[in-house]
Amino acid sequence: MATLAPALRENAHAVVRMADETLLVKSAGRTVRTVRRATTVLDDAGAEWATQLVYYDQLSSVNYLRGAVYDAEGQLVRQLRAADVKDYGLSDGFSLATDARGRVADLRQPSYPYTVSFEYEVASDNSLFYSTWQPQADEQLAVEQASFRVLTPASLPLRFQERHLPKGVAVARSQQGDLQVYQWELKALTAQEEEPYGPPLSEMVPSVATAPTTFEVQGHPGTLTSWQGLGQWNYDLNTGRDVLPEAVQTRVAALVKDAPDERTRISRVYDFLQSSTRYVSVQLGLGGWQTIPAANVSSTGYGDCKALSNYCMALLKAAGVQSYCALVRADEPDIHTEFPSNQFNHMVLCVPLKKATKLDTVWLECTSQNNALGYMGSFTGNRHALLLTPAGGQLVRTPRYGVAENRRERSADVYLDAQGSATAMLRTRRTGLEQDQFSQLMHGLDPVQQKKKIAESLPLSNFNITKFALTNDAKALIPTINETLGLTLPQFGTPSGRRVFLLPNLLSRLPAITAPVGERQTDIWLASAYSHADTVRIHVPAGFQVENLPAPVQLTTTFGTYSAQAQKLADGTIQYVRNLRMPHTRFPRTDYPAYVEFRRKINAADKAQLVLVKTES
C-alpha cells in the first residue's frame, strides 16, 4: 500500500494495481483469452472487485480460475481453493433455455485495505466476438498499470479501434514466431466519475475494441471487414428458416384478402403475431444467432427476438409483403458505426413499403404484445440497425423520436376554497417516448398498482387521488396514452391573514441542478428531446381576488425554450400556461455554467407564487 500514489487514491474505492490481458487467436474458429489482475480494495464500495465472475457457455470453457488475497502489508491471507469456486447457471428469469454459466470466486475481507489477485483463462469456439479492452471498467476505479496483447497468425490480421487513449499511447506491433503481436499499455489512470448530463463512462475512459477479419462459428465461416459481410453471414445462417405450414399460409391469406393497402396488411399480420405469440429467450450455442424455424414458432406460439422476427417476416411474406430482419443494440448506447463488428444484442423487423419515402418504412418490435404498429420507443429507436438482405448487411437508422413526437400536454382545473384547500381534475395526453413508462404501467399492472405508481410519481406532499384512468389512443400515428386524474389537495394554498399564497404550477416543476465542484470535465449530453405544455385554470373562491401574479418568463437558449405566464380571465379564473421544449443535443463542457443558469431560472419560475386577497365585506 505504501507504494500506491496518492493521486490514484483520490475519489477511488479500488485501484487496479496490475491488469494484463492476452487474446491468442489460434485459428479462424478458436481463441484463448487469459486475464491476470490484482486490485487493492480501499473501502466497502469497492468490495465488488474482490469477487470474480467468469462466463462460459456451450461454445467456451474455463481452463482455470485462480486467486489470492493479501492484507494491507502485502502478506498472503489465503489462496483461492477449488471448493471456494461456485458454478452457476446464469438464468435471466425469462429464457426458456440458456447455456450461459459462470464460475464465481469471492475473496472479500472484513477490513480494509486489502489486495485481491485473480487469474483465469477461457477458450472459445466463438470467434465472432473478440475482446474489448477497457481496464477502467467502473466509476471511482483507478488503474496503476494495465496491458493488452493480441497474438494472431498473419493470415488472420487483427482489426482494432482505439478509443480515448491518452496522448502518446498507441499500439506497439511486433512478431513472435509465426504470430503477429499487437500490444497496448496504460499507466496511472486516476478515478473517473460520470457527471450529471454527461456521457457514459465508456465514452470517457481508454479502450480498444478488436474484431476478426474472418471467423467461424460451429462450421459457419464469415468475414467481418464490413457491415455487408456481417449481414451476409447472419442472412445466410437463417436462409430457408421462414417456411410456414400451409394451414398458416391459408389463414394469413384469409386475414388480408380484403385489405385495401399494404399498410393495412402489415397491421393485420402484426395484430395476429401479437395475439398468438409470446417472447421467451433461447440461447444455446449457435442459437444465439440462428433462429428457430418459423414452423416451430407457429406450432408452439413462442420464440426469442430472432424467432419472432423471422416468423413475422414469414407471415408478411404469405401476405405478399417483403420485409427484412435487422440487428440492433437495444437499451444501450448506439453502436460505433465506423467499426464493423458484432455490437448487437437484439433483432427487429423492417418493412420498407413499396414506393415509400424513408418516413413510410414500418418497423416492428416482434417481441412485444402491446407495442403500437411501427413504434420502437426508447428501447430500439433513435439508433442504427443492420438490415439483413440477400445482398448482405446494410446499416440503416431506426425511427427517430424528437420534440414533435415526444409530447406531454396537460390541462387542469383547480377549484379552490377559502381555507386554501382544493379539488382538481387533470387530463394529460402523452405521446412518443413520453408515454413509454405509462404504457408499461397500463399493460403490466392492475388498476390498483397503476394508481399507486402514479401517486408515487406526483410532486405533491399532501393529496388524495379520487379518480384515475389510463387509456390509449389506438388510432394515433404516434402511440398515445391519456390519463385522467382527480385530486383533493387539502393544503394547495397557504392562508395568511386575509391572503392565500399558492403555486399555479401544479405538477410540472423542473428541479435546478448543482454547479460542479471544480472544473467540469465532460461535455453536456441532453439525451431526450421532449415538449411539455401545461394549462392550469384556478377557480378563485367567492370573496377573493387576485392581488399579485407572477411576472411572465420567456427563456430562449440553445439548451431549450421555456415560457410561463399567469393571467386573470374575464370570468375571474386565473389561467397559468407553461411551455418547455428541450432538444436532443450535445454542448461543450464550457457551456455547463450557462446550462446550470438556464435550469435555475426555470426552477425559480416554476416555484413562483400568486397571491389572492380577501375582499372587504
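A disulfide here is a pair of cysteine sulfur atoms within 2.5 Å, and the structure holds zero of them. This is a predicted model, in which local features need pLDDT of at least 70, side-chain atom pairs count only at pLDDT 80 or more, and totals for chains, interfaces and linings use all residues. Residues are numbered from 1 along each chain as its sequence is written, and side-chain values use heavy atoms, with hydrogens and water left out.

Cys312 is buried at 0% relative accessibility (buried is under 20% relative accessible area, exposed over 50%, partly exposed in between, with a 1.4 Å probe and protein chains only). Cys325 is buried too, with a relative accessible area of 8%.

Next comes the sheet. Five strands form an open sheet in the order β23-β22-β21-β24-β25, with antiparallel pairing (strands, E, of at least two residues, and helices, H or I, of at least four, are DSSP runs numbered from the N terminus; two strands pair if DSSP finds at least two bridges between them). At the edges are β23 (362–364) and β25 (392–397), each of which pairs on one side only. On average, neighbouring strands of this sheet are turned by 35° against each other, direction ignored (axes are lines fitted to C-alpha atoms, for helices over the stretch in contact, and angles run from 0 to 180 degrees between N-to-C directions). Strand β22 (residues 346–351) is joined to β23 by three bridges, and the two run antiparallel. Leu349 stands opposite Leu364 in β23.

Two helices pack on this sheet. Helix α2 (residues 227–238) touches β21 (324–328), β24 (384–389) and β25, and its direction makes about 115° with that of β25. Helix α6 (residues 305–318) touches β21, β22 and β23, with its direction at about 15° to that of β22.

Helix α6 also meets other helices. Its axis and that of α3 (residues 246–256) come within 8 Å and cross at roughly 60°, so α3 and α6 are oblique to each other (under 35 degrees is roughly parallel, over 145 roughly antiparallel, 65 to 115 roughly perpendicular and the rest oblique). On the α3 side, Val248, Gln249 and Val252 meet Tyr311, Leu315 and Ala318 in α6.

For α4 (residues 262–276), the axis comes within 10 Å of that of α6, and the two cross at roughly 140°. That makes α4 oblique to α6, and this crossing is right-handed as well. Here Ile266, Val269, Phe272 and Leu273 in α4 meet Leu308, Tyr311, Cys312, Leu315 and Leu316 in α6.

Elsewhere, Val181 lies in strand β14 (residues 179–189) and is buried, at 3% relative accessibility. Leaving aside neighbours within four places in sequence, Val181 is in contact (heavy atoms within 4.5 Å) with Arg149, Val150, Leu151, Ala172, Arg173, Ser174, Gln175 and Gln176. From Val181 to Arg589 there are 408 residues in sequence and 38 Å in space, C-alpha to C-alpha.

Note on methods:
A crossing is left-handed if the near helix is turned anticlockwise from the far one by less than a right angle, and right-handed if clockwise.
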